[in-house]
Amino acid sequence: MIARLLHGVPRHALLLLALVLVVLVVVPALANDYLLTVLILILYFAYTGQAWNILMGFAGQLSLGHALYVGLGAYASAALYVHFGIGPWLGMPIAILISAACGFVIGFLAFRFGVGGVYFAILTIAFCEFTRIGFDHFTWIGGSAGLFLPVANYSQNDVWHLRGQPVMFYYVILALTAAAFVMCHALLRSRIGYYWQAIREDEPAARALGINTFRYKILAIMISSGMTAPAGVFYAFYYNNLFPEQTLFILRSIEIILGPIIGGVGTLFGPVIGAFLLTGLSEGLQEVLTNYGLDTPGAKRVFYGVCLLLVVMVLPNGIWPPIARLLRVQRRGPEG
Amino acid sequence: MADGRLRQAQISSVSGDVYLNVAVSGVLTGLVYGLMALGLSVIFGVVRVVNFAHGEMMIVAMYLAVVLFTQLGLDPLLMMLPIAAVLFGIGYVMQRVLINPFISRPEHSQFMLMIAVAIIIVNSLLMIFGPDAQSVQTSYAFDSFALGPLIVDATKLYAGLAAILVAAALFAFFRYAPLGKAIRACADNYTGALVVGLDVKKLYALSFGLGAACVGAAGSIIVLIVDVTPPLGPAYTLLAFIIVIVGGLGSMPGALLGGVLIGLTEALGGLFITPSAKSMLSYGVLVLVLLFRPQGIMGRKLT
């Protein structure tokens, strides 16, 4: 199994990967609380970006509503915790099931009726917005007044209930992100992964080759949405409060997909690099603007938008492909 | 008993009028929504780029109208054409400079571009005007017309009529003007248009400009009814999407019809359920249309 995973990966690429991992494991010992929060945010976006990338980057279906799956995961686990005292690790499988089931419904409706491209993207927005407004009026989970997890000052880290200090959350999200990375790597080189790429490149041709495109697109959205749910569980227990206007807001969906698009759609490192760059950029801008006394509301986002614009215009395939060429870590094969 | 029944009859007759009034004001607001969506439809129908910064362009127009009114006392309805002209210029330049290189790129790339533009617009407006709502108080803001049991707000009536006027002008342009015909040719058959020697790039820029001009007119009209804040931008983008998809992406009458339908749904939804849940119904309508008639009510069959 491991031999199969490593097959064809250049040795110095593995070395680099190990180095990055070691740095990420050691860094909390050196970082202050602020840097740690930023790193948590980066890894969070790397994880969600990776999950989104399965649907768009691998199978070629543009989803603009991934906040829905984060929200479902967050609300499911938080509601189970608040109402029934069920801990996050037991709640997570339930959250994944709910999220994947929702992905199945959306995928089934969309792909059965031949909804694709822009229309599919807008369908996903519609479901997310529909749920947001619905949750606003769903009082069992707090409605628009919000759902809150009990908070106390924790001297000890309780990993089982995900109650504790930022360092613990850092390692949890690092483990999730690493697992997602390995899983995507495995998926990309599996039979399913090759089917997805065939569908992404040319769906009629894939169908002509005998691939059941409907089934594999459904599989893609279910894996992608199910995989997004743990990020929601993390979100709920890290932030301790959930509001439909925030958790399910369309900008949340856009934030999720900016990383992989900037980093490189369909690549394994794209979501990770993109998350680092965008979150780093956003926080760095904040720092610079505050130092120069320019932090009027909106200023940071304007610069952020300009940077985004420049990247999309100059590097249409994202930042990772040129970096990969520079580091010479590209595998011989179409998936890169 | 009899007394109770009488009161009930009174209530139901009163609420019958209420429904009618709400429906009419929903239709009038919907016409303005339709004009905004018409812009999106023109852009998509010709350039084949989905303008994710559409609502943001709308609030640019709204702020222009508010500034012209508060600083110079100019009525938004009179300023409709100048503002539309300004937005035309913005749209034309945007297509020429930003969007043209993206025409042949994949959808997610175009999407990113427009999102970046949207982020820049919304937050620039936030920097300039702050987060507070700004509104226009015209002298006729509280006037209304009574037609039997029907009471129509003057602002909404003027807004609806202005929207119809602009839409009619646009229809006429596309139907009779040679330039309009050329744009339609471009939309129907790109290669064919190139073969007969049309300057497609210029026509694309023109179409984007026209779409933006629609939004400009709609924006300056809608400040009569709605207060403007920066977060309204993304909300209008979504609204415009719902409308064009319900009406049929790329169909001009469809956009107007969709606007009226969504305006009506929102108004009645606010009355029947709660105002905060009104757009849930619109999304419900959208999902139904996407599933059972993906090309929209008046759209051509998808191929």
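In this predicted model, the largest nonpolar core has 207 residues, among which Leu35(B) and Tyr236(B) touch the most other members. Such a core is a set of buried Ala, Val, Leu, Ile, Met, Phe, Trp, Tyr and Cys residues joined through side-chain atoms within 4.5 Å, where buried means under 20% relative accessible area (1.4 Å probe, protein chains only). Helix α3 of chain A, residues 33–58, contributes the largest share of this core, 16 residues; helices are DSSP runs of H or I, at least four residues, numbered from the N terminus.

Beyond its neighbours within four places in sequence, Tyr236(B) is in contact (heavy atoms within 4.5 Å) with Tyr33(B), Met36(B), Gly55(B), Met58(B), Ile59(B), Met62(B), Ile222(B) and Val226(B).

Between the chains, 40 residues of chain A are in contact with 39 residues of chain B. Chain A and chain B bury about 3,700 Å² between them, with 85% of it on carbon and sulfur atoms; this is the accessible area (1.4 Å probe) lost on putting the two parts together, summed over both. On the side of chain A that touches chain B, α5 (88–112), α6 (117–136), α12 (250–263) and α14 (299–314) of chain A each supply at least two residues. The most come from α6(A), with 12 residues. By class, that side of chain A has 32 nonpolar, 6 polar and 2 charged residues; here Ala, Val, Leu, Ile, Met, Phe, Trp, Tyr, Cys and Pro count as nonpolar, Asp, Glu, Lys and Arg as charged, and the others, Gly among them, as polar.

Residues are numbered from 1 along each chain as its sequence is written, and chains are lettered from A in the order in which they are written. Local features need pLDDT of at least 70, side-chain atom pairs count only at pLDDT 80 or more, and totals for chains, interfaces and linings use all residues, while side-chain values use heavy atoms, leaving out hydrogens and water.

Note on methods: Buried means under 20% relative accessible area, exposed over 50%, partly exposed in between (1.4 Å probe, protein chains only).
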